[in-house]
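Thanks for coming. I will go through one model today, starting with strands and ending with disulfides. Please have the viewer open.

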Number of protein chains: 6
Amino acid sequence: MKFPRSILVAATAAIAFGAAHAADPGYFTKYDGMRMSRNGAGVLLVEMNTQGGPIKFSAREHEQFVDAFYDIGRDRGNKVVILTGAGGQWMGDIDFASFGNVADPDVWSKVHDEGTQIVENIANIRVPMICAVEGKAWVHTEYCLLANVIVAGNGATFHDAPHFAGGIVPGDGIFTTWSYRVGPTRAEAMLLAPKPLSAATAKEWGAVTEVVPDGRATSRAYEIAADYLKKPEVTLRNTRIHFVQPLKQALVQQTGYGLSLEGASASALVKSFNASK
Amino acid sequence: MKFPRSILVAATAAIAFGAAHAADPGYFTKYDGMRMSRNGAGVLLVEMNTQGGPIKFSAREHEQFVDAFYDIGRDRGNKVVILTGAGGQWMGDIDFASFGNVADPDVWSKVHDEGTQIVENIANIRVPMICAVEGKAWVHTEYCLLANVIVAGNGATFHDAPHFAGGIVPGDGIFTTWSYRVGPTRAEAMLLAPKPLSAATAKEWGAVTEVVPDGRATSRAYEIAADYLKKPEVTLRNTRIHFVQPLKQALVQQTGYGLSLEGASASALVKSFNASK
Amino acid sequence: MKFPRSILVAATAAIAFGAAHAADPGYFTKYDGMRMSRNGAGVLLVEMNTQGGPIKFSAREHEQFVDAFYDIGRDRGNKVVILTGAGGQWMGDIDFASFGNVADPDVWSKVHDEGTQIVENIANIRVPMICAVEGKAWVHTEYCLLANVIVAGNGATFHDAPHFAGGIVPGDGIFTTWSYRVGPTRAEAMLLAPKPLSAATAKEWGAVTEVVPDGRATSRAYEIAADYLKKPEVTLRNTRIHFVQPLKQALVQQTGYGLSLEGASASALVKSFNASK
Amino acid sequence: MKFPRSILVAATAAIAFGAAHAADPGYFTKYDGMRMSRNGAGVLLVEMNTQGGPIKFSAREHEQFVDAFYDIGRDRGNKVVILTGAGGQWMGDIDFASFGNVADPDVWSKVHDEGTQIVENIANIRVPMICAVEGKAWVHTEYCLLANVIVAGNGATFHDAPHFAGGIVPGDGIFTTWSYRVGPTRAEAMLLAPKPLSAATAKEWGAVTEVVPDGRATSRAYEIAADYLKKPEVTLRNTRIHFVQPLKQALVQQTGYGLSLEGASASALVKSFNASK
Amino acid sequence: MKFPRSILVAATAAIAFGAAHAADPGYFTKYDGMRMSRNGAGVLLVEMNTQGGPIKFSAREHEQFVDAFYDIGRDRGNKVVILTGAGGQWMGDIDFASFGNVADPDVWSKVHDEGTQIVENIANIRVPMICAVEGKAWVHTEYCLLANVIVAGNGATFHDAPHFAGGIVPGDGIFTTWSYRVGPTRAEAMLLAPKPLSAATAKEWGAVTEVVPDGRATSRAYEIAADYLKKPEVTLRNTRIHFVQPLKQALVQQTGYGLSLEGASASALVKSFNASK
Amino acid sequence: MKFPRSILVAATAAIAFGAAHAADPGYFTKYDGMRMSRNGAGVLLVEMNTQGGPIKFSAREHEQFVDAFYDIGRDRGNKVVILTGAGGQWMGDIDFASFGNVADPDVWSKVHDEGTQIVENIANIRVPMICAVEGKAWVHTEYCLLANVIVAGNGATFHDAPHFAGGIVPGDGIFTTWSYRVGPTRAEAMLLAPKPLSAATAKEWGAVTEVVPDGRATSRAYEIAADYLKKPEVTLRNTRIHFVQPLKQALVQQTGYGLSLEGASASALVKSFNASK
């Protein structure tokens, strides 16, 4: 058998490469809606926040989080990722007005493109991901359900505040992820009659893995992460890849269309509002 | 940029069209197995019945319901659909003999074609759908599980009377829908050892959304419908479209084959019966 | 083995049912955009037309054809279906303005729902389908590509006049069907730089099965249909079902989203038009 | 209509064929890791064992079971299949070293090919399959979850001993089947923090159909099998085919990749082990 | 990091296993419809034949080839597989009567099960596969199209003799494979109006890779095989796995249903024949 | 109807946001393997190069291009993207040794993760993409085939130099994209017997849209881009999204596994090389 000389070189001299990306985590401070810190073992803690307190999700975060999750996923220095909130809330509020006139096709085009990209970018975080929930998880819980396990404080509540309650389609991946995690019937009922769901019920339904005393979610997540870190890095990465693949495929198939349907409903909402003025 | 003149006209003069379909709901009285009535808000009540009493499903209904569900889906005058039975029973009985000689390939061809079409037509009802169950839901519960939410009277029972118990494959969508709603293990066990399932168990498994006192299922469905109607029509339509899409795709993929497998088993049943004469 | 008595009856007395649907083809004259006639062998000729001449497709046809194709598919009296135009044209023109203000979410919701339903209804015509093309096939050629074979007159041309040329996304199934029939690269190139395609080229690409002298497409289609009719009816129906299934699944997956993307582009087109006034 | 003479012969004289395969079940004694016996009704009991006692799964079984399950599936003499263990254990132990150097690409290629084939071969057993669990089901429970129903002794426990606990990806179908049977969240949590799961919990989660007193699982399986046997053989075969199809498709899509990801993790494990020597 | 002792053993002492399967190719002489021989390099030549001459495919082969292809796929001693015919014909004839009464559900159940299994078993041959065609390839060409490349003698012809021409649905994988290889339009037209297709046309359509002088197909296949053998075995196996995966998934999804539809058409054919007696 | 106040604000005051991303195209100069420039109309020209001359693809580009394509896709200032090479070559050479020891699981893990991400990032460029080919397109042509149209100089050649010719599986998306564009048979034959393919043949097969005189590919691409720019931006974006979706889904499904299979083959290649030393 005759192979190119290059193989010879490659096989006998393993050349280090790729360290660069991990070496400069400049993105840690790039997105003001996410405070990021990483311990020596490579556990990245991502705290979603607004000026240090509970995050109020706005169009700004909708744009920035796309890239933030991408940067997290691309950085091989991250070995496990913990996603949480700040100020005792995972994410309780949204500034809907910040999105501008959602009936404008150019505005919604941006929402559509970012929305489809953001869930793919989280699915492409190729290390175990733990969601640590305290207080309200009332907005964009699909980010949380893309984690492998969810640890919730006893008083945590899950809810879909912005969609059907606000008059628009829950089309951004929230149905896809809840349906995947708790089955479609519970997902449909919950999204059509949205009200806060207790951590205990979420656990009974299988969405939450562990319920801990309030304030303990993140520390418990660190313990779980420490357990994971006993395994080889390739094992961690490839287990995540294997586990997330069916959900990723479902999101790739359903989210774009869902956001388009949501955009049309937002346009109809604006129309009905204008008509009622 | 230069666009055809037609765009100009279209954009400046929104011309009403399509009202016709909604204006003449002649199909309300076309199918004797379904009594239909619609309130002023657009909530269509569909009561499956046989001469006003509990429905006994026969080949006649198998043919007619295909078109009935199609007409319901096509009528934009319907804003929410409630599917229920009559005489205190959702659907408790079937007249198997009415289908004729199911070993005849021409007979089964019709069953196959109608059976695949009927579940697609229900999936294509593009407004929220509520199933209100009283008494026995022992036949064709897949129609019910295609609704977004199910409200059941306390004494309601779910069952698959006609298939495995009768010696044929549960291939008409009943496995696909139960598997989708309660998971495949419970669906398989239930269909292989069919016996009535209580409303409470169905709720525990996640198939039923609410259990109400007997006789209250339809009125509760109206209350839920009224809540939905506070949202823009496009929101209602597009939410249904988004939610039903994965189940629709599963049915399109699985039901035709399932009915073919069921047809072969029906033919084998007739053969074994003839052999035992 | 013990089976219900009903089986006994069924197996020994094959009861005729279902003839009703075929007996009353009232839909033949229901849709003025389609002239329908059926010969004694069950070959249905569908001539799309506007007052007997070449059809100018409008919102009226968009609504009516949904139901027309459904009725055709449901009528077991149809053994083979030939789809053609009138006045020497398959379909050459569209009245875009008739759709009204396509930036209105309620208007587009109707377009979306009809558009997804129409291609599914054609896919659900469960007998062999032949498309006979004369003259221009410039609009909604996806109806034609849903046939099993296409016979084209020598001077026939294929084109996508209404979409990219008019400033909107080719999202109604035209990409899905052309991609399925001639491969995605040719489909993309053709739809992004739309111009008439000769019958010869369409045949070379594999989309057209036979090219015949102008004016002979329909008579040739009848000859092909006559050949098919030598086979049992179940063979004809099931061959169609088997052949169309992959395309049907692709359409179910892609068309709704495609139409939503097209709707957003139509809204942007209106916006840009208004801005340029 | 004119058909080939062969049809005439075939239709008037049903010729027996294919009995051969069932007539010579030589494979019953071919695989020393499986003791097989079949009662007069066609119920095949498969007892996985090592020299009559609890099975210790090794590379030898990994190779042989591929063919064993294939032979079981191909033998039309089998009407129902019961899969169980021996010595009071379903499968509690694995001899990982027997697989050799899993970092060797030729070694893993064999593991990959056998591993993808084995789950497909079980899925292709086209008769109802019952898994009877006693004691530990700690290894390769995906074989068990490919059954239609699972009967477990009260003291039975489910576990994934060899994968994440051992430092490698749970990629051989164990995630796919558990995710299918109990939902992905419970599957992910269980596989990432593997510990024995009681029969009661497995039943609560829907994976186990019945819990019986210890030592009674197989006899209960025989009772269930006897119930099934009252139905025509085609009904049994086709019901299995219909029910297993979605899981089979998921396994065909996910298992090969899963095993490749697992192989890379095994290689990394060996590397880290060598590095720590 | 602490790993089980077993890893240590495994990583330091690569134990040979699995040679057994390759060592005893007893299946070479097990199936009289296939003459098998393997050269020193591991190229297996499979000559389908009837008593040494051109094969006449019958129910016997339908049963035996399932297992023959399985054995070929399982034998790691095979490095490349060449599939050809004998007596100057690839496969020109079929003994339809040998299948017995295809209207009998038990008979067709066997055809269905074997038919779905056979194409999966060919797809699971995990080494490059070359089809060498001489003379008529008129029956079961899907076996040939499952190869990676096809070499055809100049006078070879491709045809589907048994299905639509005989009055039944081309549902056994022949549509799926031809559609995959030459596009659905050509596949549909060819299967609905079956007539011999020249090697040149098959090459123009992309189904045939090389046309060689008559009688040279097998020797050319050996040359191609020799080229492949310069690559590592894992490369050969994994390239095949990667290339065949989309077709395998299509076959798993479509063939069972296709065969059920074909079975119903066979039953209708028998019925129409009996009626015309 | 009562909606949150936020809607009111949003609907009446369209707030500009998101301009930031487009405003600072710092990534234009970030990746030394890509020279980027954008004209006033928003057409981005991407010239892959090595120090201004023909690009020699190395591990450095494999890492950087992932992010480069991501940045291109995220920048809404890009209206059309042209991908080309430099120095008269699209991409003719690869530095295989730069990847290091591909048998090391940590090294290949990085290759796998980058390789799956890179094709997804190109698929997520949500504006029309034109590939302009001059000279050799011998490496990573899947990047090119992810464009909507390909313009090739008359002397351009397409080839897969690094995979099967070098002894490894063509698993990085090259099979998936070629199979999608020219059909699987031609793709398999070409990848198993790799040699340069002329632009004319690539056009005949449908992969190339236009062949132009050498040196004219990029200028022709600009002309095509100018045509596209006459349409609304949402139309351009959504047409790309609609067209690329099936290919994106195929890549998401197939590329990760393909790269894993390729990695195992690379490991086997290194092993065989070491063995032959």
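This is a predicted model: local features need pLDDT of at least 70, side-chain atom pairs count only at pLDDT 80 or more; totals for chains, interfaces and linings use all residues.

Two strands pair if DSSP finds at least two bridges between them. Helices (H or I, at least four residues) and strands (E, at least two) are themselves DSSP runs, numbered from the N terminus. Strands of a sheet pair through backbone hydrogen bonds, either parallel or antiparallel.

Residues are numbered from 1 along each chain as its sequence is written, chains are lettered from A and ligands numbered from 1 in the order in which they are written, and side-chain values use heavy atoms, with hydrogens and water left out.

Now chain F. Its open sheet has six strands, in the order E1-E2-E4-E6-E8-E11, and the pairing is mixed. Which strands stand at the edges? They are E1 (34–38) and E11 (210–212) of chain F; each has a single partner strand, so one side of each is left without a neighbour in the sheet. On average, neighbouring strands here are turned by 20 degrees against each other, direction ignored. Those angles come from axes, which are lines fitted to C-alpha atoms (for helices over the stretch in contact), and run from 0 to 180 degrees between N-to-C directions.

F:Met34 has F:Met48 in E2(F) as its bridge partner.

Next, chain A. Strand E1 (residues 34–38) and strand E2 (residues 43–48) of chain A run antiparallel and are joined by five bridges. Opposite A:Met36 stands A:Val46 in E2(A). The two strands form a hairpin with four residues between them, and A:Gly42 in the turn has a positive phi of about 95 degrees.

For chain E, strands E1 (residues 34–38) and E2 (residues 43–48) pair in the antiparallel sense over five bridges. E:Leu44 in E2(E) is the bridge partner of E:Arg38. E1(E) and E2(E) also form a hairpin, with four residues between them and a positive phi of about 95 degrees at E:Gly42 in the turn.

One helix, in chain C. H3 (residues 59–74) has 16 residues and should span 22 Å at 1.5 Å a residue; its end C-alpha atoms are 23 Å apart, which agrees. The expected span is 1.5 Å times one less than the number of residues. H3(C) bends by about 30 degrees at C:Phe65, the bend being the angle between axes fitted to the seven residues ending there and the seven starting there. Buried means under 20% relative accessible area, exposed over 50%, partly exposed in between (1.4 Å probe, protein chains only).

Last, the disulfides, meaning pairs of cysteine sulfur atoms within 2.5 Å. The count over all chains is six.

In chain B, the sulfur atoms of B:Cys131 and B:Cys144 are 2.1 Å apart. The link is left-handed, with -110 degrees about the S-S bond. B:Cys131 lies in strand E6 (residues 129–133) and B:Cys144 in helix H5 (residues 141–145) of chain B, so the pair ties together parts that are 13 residues apart in sequence. Both B:Cys131 and B:Cys144 are buried.
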